[in-house]
2 protein chains.
Amino acid sequence: MNADKIPDIIIGRLPIYLRALQRMSEKGKKTTSSQELGDYVGISAAQIRKDISQFGEFGKQGTGYSIPFLIDKLREILRVDRMWDVAVVGVGAVGHALVRYQGFSNRGFRIVMIFDVDPSKIGTRVGEFVVEDAAKLTDRVRAAKLRIAMLAVPATVAQDVADRLVQAGVKAILNYAPTNLNVPKGVHVQHIDPATHLQRMTYYLE
Amino acid sequence: MNADKIPDIIIGRLPIYLRALQRMSEKGKKTTSSQELGDYVGISAAQIRKDISQFGEFGKQGTGYSIPFLIDKLREILRVDRMWDVAVVGVGAVGHALVRYQGFSNRGFRIVMIFDVDPSKIGTRVGEFVVEDAAKLTDRVRAAKLRIAMLAVPATVAQDVADRLVQAGVKAILNYAPTNLNVPKGVHVQHIDPATHLQRMTYYLE
């Protein structure tokens, strides 16, 4: 298995499969088929079989997939069979929502520090965290050897903060600022922007 | 131009181009090239030319694209040359963040009503809105002829709420609940789930 050889579009579907399998597992299901999983996530059974077979032979003809086994394999492939420490930068409404989000811990992520530039926020508590001064971002993130950060700052300062995160050693940025980020090769960015997601759907509306 | 003939992957890139062009425009730029736009969004110039040419001849050899013209065309194609009224269901941390989000209005969307099931929230104010009883969701959404909703409820109730939105005539759902939704053909769903976005990146991390 060579990371460079698997198209990113396939990698993007694996977390969807993993989430669906974890939900099936919570409901007590032990096995599934590509057909059933496909109906669940809205992707064809053939596509699912093809995607999963990129990584090995995880299903059995006739009996389908063992859910716990496939969950383990997908967690290993996606490297979430461990816990990743994550920084949050920007403690506005989105930052608050991220700190309060309950869905990270059983999916491989743990927020460990939060930052803001606003003097009225620095030192205050949000959930179990004390908001730290964003001026110390680079030093703190580097010292903690963090590789992942979530960016919830205004678009106007997002590139500057991203640059400092990259300088500190961050390799993956989940960007909530409604703007693109320029990062060096080897640094990954995913964007969450409700307006672009909505616009992708309005295209189809009458 | 036939909506059915353009691959959805291309449609998904148009909002990214539009956002970048709007940001360039805010900075006072009047023209751009596929090369410059490509560098900005991290997509090849050839891909951008190919994507945009699906919809017509919007650029000129040598002089590139007029930014205001291309913005107008993309807004028209994505049907955000109008204002869409949107309902928010679920007024937890994410719902709050959505209500406070400043980035909708100049991109084609306006939140007009918000709902929750929690009696302690119903009737309270969030931003400029009064939280309405989710029991009245179907009637209210149908009466207002809304086509778009944002779903920020727990995963366990997301399908039920989605069913009621569809029943009320909603055709596009932006789903923040970390679960899949089964919807009839002709109803569009986009998912925002920070954990799946992060997992897509950890695959590449060492």
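How much accessible surface does chain A have, and what share of it belongs to carbon and sulfur atoms? The surface comes to about 9600 Å², and carbon and sulfur atoms account for 49% of that. Keep in mind as you look around that this is a predicted model.

| Property of chain A | Value |
|---|---|
| Span of the C-alpha trace along its principal axes | about 60 × 45 × 35 Å |
| Buried share of the 206 residues | 51% |
| Share of contacts between residues at least 6 apart in sequence that join residues at least 24 apart | 55% |

In terms of secondary structure, chain A has 8 helices and 11 strands. Its side chains include 28 positive and 21 negative ones, and the centres of these two sets sit 4 Å apart.

Now over to chain B. Here 6 strands make an open sheet with parallel pairing, and the order is β8-β5-β4-β9-β10-β11. At the edges of this sheet in chain B you'll find β8 (132-133) and β11 (188-191); each has a single partner strand, so one side of each has no neighbour in the sheet. Strands of a sheet pair through backbone hydrogen bonds. Zoom in on β4 (residues 84-89) and β9 (residues 148-151) of chain B: they run parallel and are joined by 4 bridges. Val89(B), for instance, has Leu151(B) in β9(B) as its bridge partner.

Last stop: Asp160(B), which belongs to helix α7 (residues 155-167) of chain B.

Notes
Residues numbered from 1 in each chain as written. Chains lettered and ligands numbered in written order. Predicted model: local features only at pLDDT ≥ 70, side-chain atom pairs only at ≥ 80, totals over all residues. Heavy atoms only, no water. Helix = DSSP H or I, 4+ residues; strand = E, 2+ residues; numbered from the N terminus. Pairing = 2+ DSSP bridges. Buried < 20%, exposed > 50% of the residue type's maximum accessible area, 1.4 Å probe, protein only. Contact = heavy atoms within 4.5 Å. Areas by Shrake-Rupley, 256 points an atom, 1.4 Å probe, with all protein chains shown as cover. Lys, Arg positive; Asp, Glu negative; His and termini not counted. Charge placed at Lys NZ, Arg CZ, Asp CG, Glu CD.
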